[in-house]
Amino acid sequence: MNITHIGLVGYGEVGKIFSAGLRVQPGVASVAAWDLKLADPAHRDALQKHAAQAGVVAVDGMQALCARCDCIISAVTASNTLAVAQEAAQHIRPGTVFLDLNSASPGTKQQAAALIEARGAHYVEAGVMTSVPPYGIRVPMLLGGVQAAALATVLTSWGMDAQPVSEQLGVASAIGCPTRERATGRGQCHQDVPQHHDQGPRSPGD
């Protein structure tokens, strides 16, 4: 697996941390980001300025992100996990890796995977084990999906703590979500919140 152009959906706390950490890794030619707030005049300038200073390309939509990236990382709130997958599935190119970092339930991630894989892309779920700060991109995570082992090889070469646990989707989230809840004290993993596509992706902390 070869990853050179990375795209973040969600340029909140997690998106900014991962963008900064991944941009400097060997073999990474570019990192881009899309966030719904980039379409909001009240937030656009500040986000574009932050991205420019960080060496991240702020794009104007999901279509532009998918067109330029061979790896898409979804880093939004749990309640928007499926909405992001629905939008990405309209534009994602075959062979693209879609890494879902969100703290959604296993069932939600299985639904998201079906959308992405129907387009010939590769869905990999991440069960993030604790809060991203202060670990940064080295936060412990479990990976699930057919391409989990191949992606883990790439991520660990960048110093990340990524362990493949199953080709079956849902296993990594089933393990990672409760662990993260205990670590952070924030319970959100076991509820399949109704998804509303018109809400668009939201950044963590919104």
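Predicted model: local features only at pLDDT ≥ 70, side-chain atom pairs only at ≥ 80, totals over all residues.
Contact here means heavy atoms within 4.5 Å. Residues are numbered from 1 along each chain as its sequence is written, and side-chain values use heavy atoms, with hydrogens and water left out.

**Exercise 1.** Find what Ile-6 is in contact with, leaving aside neighbours within four places in sequence.

*Solution.* Buried means under 20% relative accessible area and exposed over 50%, with partly exposed in between (1.4 Å probe, protein chains only). That core has 59 residues, and Ile-6 is among those touching the most other members. Now list the partners of Ile-6: Leu-22, Val-28, Ser-30, Val-31, Ala-32, Cys-69, Cys-71, Ile-73 and Trp-158.

**Exercise 2.** Work out which residues of helix H6 (residues 148-157) are buried, and what they pack against.

*Solution.* First, helices (H or I, at least four residues) and strands (E, at least two) are DSSP runs, numbered from the N terminus. In H6, the buried ones are Ala-148, Leu-151, Ala-152, Val-154 and Leu-155. They sit on the same side of H6, because they cover an arc of only 165° around the axis, taken from the directions from the helix axis to the C-beta atoms. Next, look at the face turned away: Thr-153 and Ser-157 are exposed there. Finally, the buried residues pack against strands E5 (97-100), E6 (122-128), E7 (141-144) and E8 (162-166).

Note on methods. Core = buried A, V, L, I, M, F, W, Y, C linked by side-chain atoms within 4.5 Å.
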